[in-house]
Amino acid sequence: MSTGPAGRLPLRLFLAGTLSSRIGDTADLVALNWYVVEQTGSATALATVNVVRLAPILLFTAPAGWLADRYDQRRLLAGLRVALFVSTLCLAWIVTTGGPLWLVCAMVFARASAGSAEPVLRQTLLPLLRDQRPLTAVIAMHSACLNAAMILGPAVGALVLAVSSVPTAFWFNAFCTLVALCCLTILPESAPPEPSASDPPTDSVWHLLRRNPAMRRQIALAMGPMLFAFPYTAMMPLLSKDLFDGDGSTAALLLTCGAAGALAASTTMSRRPPANPARLAAIGAVLLGCALLVLLVPSGFTGSPAAVGAGATMVVVGLVGQCYRTANRAALQATAPGNLLGRIMGIASTDRAMIPVGTAVLGPIAELAGTRAMLAFMGLGCVVTTLLTIRIYRAPPQPEPGLAPG
């Protein structure tokens, strides 16, 4: 397979479309969260909207992996982006006309139902586009695009909130989705990998998980970070308002700082893939919880010291969080056989369903005990559950011979 410009073109087109789509999504998310806080002033309402936004992950992510193993991932992804485009336009119309919060939640759920399958399809399409690059490096390149979008998207969201209105962010997201769809439609066809003689039967995914402690470890390792730590993105408007006396723009800027750290981590890993991604994932998860606890320090100050301290800490949160996320995905894909990759990644990607569960718990904690107590609960929960997972799965996971994808 060519490694020249022609060989790199499919991956570049795919990453360009991903970047466009994610910029729109993150700008949209900043606007949506701030709209809920501004309209209701309730941490519980903010948590509810984000539960509605993330709950479809549990329902539709695993079936998407089953579809990815049987049908053309590119066509499935194109169909999803058409649905995302239409539902985003509908959401913009509801907010523009001042629709009730329950109708906003209903449309957010409908849009999230379509979007919940997108990460699985992107992950299963990557091995077909990687040419001769190391898989970990390609995963890190993909993560770098997502993190660049996390920098640009919140900045766009903050700009929109400063000079225009929430619906404008939704119109912008619809345009970005259309650009991503165009990139996908001109993507050259990629031949699926040839089945390997060592691939297990296609109906043995659960048996494979039962006998493969490496896979179980990486899936279990998602518990702490996804349940306790990563809800910080949804709760950032609350953290900004209560701990740092900020507004929607402050929340967007703190998310941008986190994305800058994540971009630095993924860019470095794309150039120098880690020798032991499983170990890096475990270390990154523990450090992520510790970094959230450090975020409590600048909350005790006011003015510039608080802003600078919070921004610097968020850079560290993004850095260690991305080290965990990319390394965990790479370690899992390294053990997954090609003919079951979609289903394995579909099961693994349901870890994102832990985010709405965590968000649903964190909202009432903030209401009853305060935002500082909520943040302490997040950091400690992440550290403790990760250490317990490491304790249970002591043996370092090693890929089974012949099971590398592609």
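Select Thr 389 and show what surrounds it: beyond its neighbours within four places in sequence, Thr 389 is in contact with Arg 217, Ala 220 and Leu 221. This is a predicted model. Thr 389 sits in helix H18, residues 371-392. Its relative accessibility is 10%, under the 20% cut-off, so Thr 389 counts as buried.

**Stop 1: helix H10**

Select H10, residues 213-220, and colour its buried residues: Ala 214, Met 215, Arg 217 and Gln 218. Now look down the axis of H10. The buried residues fall within an arc of 160 degrees, so they line one face of the helix. An α-helix has 3.6 residues a turn, so residues three or four places apart point the same way.

**Stop 2: the whole chain**

Zoom out and switch to cartoon. The protein chain has 18 helices and 0 strands. Of its 406 residues, 58% are buried. Next, consider contacts between residues at least 6 apart in sequence. Of these, 86% join residues at least 24 apart.

**Stop 3: the annotated spans**

The unreviewed entry lists "transmembrane region" for residues 76-95, 138-163, 219-239, 251-268, 280-301, 307-324 and 373-393. Pick two of them. Residues 138-163 are 100% helix and 0% strand, and their end C-alpha atoms lie 37 Å apart. Residues 307-324 are also 100% helix and 0% strand, with 26 Å between the end C-alpha atoms.

**Stop 4: Ala 312**

Select Ala 312. Its helix is H15, residues 304-333. With 45% relative accessibility, Ala 312 counts as partly exposed.

**Stop 5: Phe 85**

Move to helix H4, residues 73-96, and select Phe 85. Phe 85 has a relative accessible area of 25%, so this residue is partly exposed. Which residues does Phe 85 touch, not counting those up to four places away in sequence? They are Ala 174, Thr 177 and Leu 178.

**Stop 6: H4 against H5**

Show side chains at the contact. From H4, select Leu 80, Ala 83, Leu 84, Ser 87, Thr 88, Cys 90, Leu 91, Ile 94 and Val 95. From H5, select Leu 103, Val 104, Met 107, Val 108, Arg 111, Ala 114 and Gly 115. Colour by class: the contact has 12 nonpolar, 3 polar and 1 charged residues.

**Stop 7: H2 against H3**

Finish with H2, residues 43-54, and H3, residues 56-68. They pack at an angle of about 15 degrees, with axes 6 Å apart. That makes H2 roughly parallel to H3. To see them, select Val 52, Arg 53 and Leu 54 in H2, then Pro 56, Ile 57 and Leu 58 in H3.

Definitions and conventions:
Residues numbered from 1 in each chain as written. Predicted model: local features only at pLDDT ≥ 70, side-chain atom pairs only at ≥ 80, totals over all residues. Heavy atoms only, no water. UniProt positions renumbered as here; feature names shortened; annotations may be inferred. Helix = DSSP H or I, 4+ residues; strand = E, 2+ residues; numbered from the N terminus. Buried < 20%, exposed > 50% of the residue type's maximum accessible area, 1.4 Å probe, protein only. Arc of directions from axis to C-beta. Axes fitted to C-alpha atoms, helices over the stretch in contact; angles between N-to-C directions. Parallel < 35°, antiparallel > 145°, perpendicular 65-115°, else oblique. Contact = heavy atoms within 4.5 Å. Nonpolar A, V, L, I, M, F, W, Y, C, P; charged D, E, K, R; others polar.
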